Amino acid sequence: MLEVRDLHASYGKVEVLQGVSLDVADGEIVGLLGRNGVGKTTTLKAIMGLVRASAGRATFDGVDLTGLAAHRVPAHGIGYVPQGRGIFPNLTVEENLFLGLRSEPSAQQRALIFDRFPQLQERLTQKGGTLSGGEQQQLAIARCLVMQPKLLILDEPTEGIMPILIKEIRSEIRKINKTGVSILLVEQNLVTAFKICSVIYLMEKGAIVHRSSAADLKTQPDVIHRYLGMAA
Ligand SMILES: Nc1ncnc2c1ncn2[C@@H]1O[C@H](COP(=O)(O)OP(=O)(O)OP(=O)(O)O)[C@@H](O)[C@H]1O
Ligand SMILES: [Mg+2]
């Protein structure tokens, strides 16, 4: 469904993406891992049209995303939760949730969200900025689900979240995936990546350097150490 081919992107003169290629198949949870600063977020932004690709392309169900303005990308069925969540702190939870809709949310749209995130329903009038980190992450994910995406792109959803709550986020991602939504997940938390991803890409210096199933990667501590600098 998502095909990224030889994507290049620069900030000024610095070429941050030097030919990124990856695929997300229908129904899959795919992980994109790598050290700080290797270009994970930039890859996601280039897919979403938030950073212009200087060469290569990203296509989604046959649609070339690279030529689209950023605000047109979500309508093709892609939800994006940016690193740091992108909540509007001065808007209420309710305003944040339904921001992407052109009209008032239907009862069905509200039910879809509140069945999954009952905690948010209790906080509808609270300002987004006053939510806890975990609640903001839920709000950011819920805001995407309102738009009923086919693919959800998550940039470090467990960053800054208490270890005890990481398990919850993991299970939410799994549940969302079970409803037929594919996931592209950038993640520093190796345990989370291993537990929920089927395929994992490792990135270094603006390019993909390794692709394997999560199960295979688990058996390659040398690869994990080389590209992530940590033990599995
Ligand atoms: N707006 C920008 N202008 C200039 N350079 C940038 C900009 N955004 C990112 N960079 C640089 O591009 C490189 C890749 O950044 P990116 O945010 O994609 O990395 P990342 O893999 O997501 O890192 P992290 O794990 O820390 O989130 C870094 O060297 C970063 O400093
Ligand atoms: Mg990043």
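Reply: Strand β1 (residues 2–11) runs antiparallel to β2, and 8 bridges join the two. A quick word on terms: helices (H or I, at least four residues) and strands (E, at least two) are DSSP runs, numbered from the N terminus, and two strands pair if DSSP finds at least two bridges between them. This is a predicted model, where local features need pLDDT of at least 70, side-chain atom pairs count only at pLDDT 80 or more, and totals for chains, interfaces and linings use all residues. Residues are numbered from 1 along each chain as its sequence is written, while chains are lettered from A and ligands numbered from 1 in the order in which they are written.

Back to the pair: Glu3 sits opposite Asp23 in β2. Zoom out, and you get an open sheet of 4 strands in the order β2-β1-β4-β5, with antiparallel pairing. β2 (14–24) and β5 (63–64) are at the edges with a single partner strand each, so one side of each has no neighbour in the sheet. In general, strands of a sheet pair through backbone hydrogen bonds, either parallel or antiparallel.

Leu184 is in contact (C-beta atoms, placed from the backbone, within 7 Å) with Leu2, Val24, Val30, Leu32, Leu151 and Ile153, leaving aside its neighbours within four places in sequence. Tyr11, meanwhile, is among the residues around ligand 1, along with Val16; for this, a residue's C-beta atom, placed from the backbone, has to lie within 6 Å of the molecule. Helix α1 (residues 40–47) gives the most to that shell, with 3 residues.

Methods
Two residues are in contact if their C-beta atoms, placed from the backbone, lie within 7 Å.
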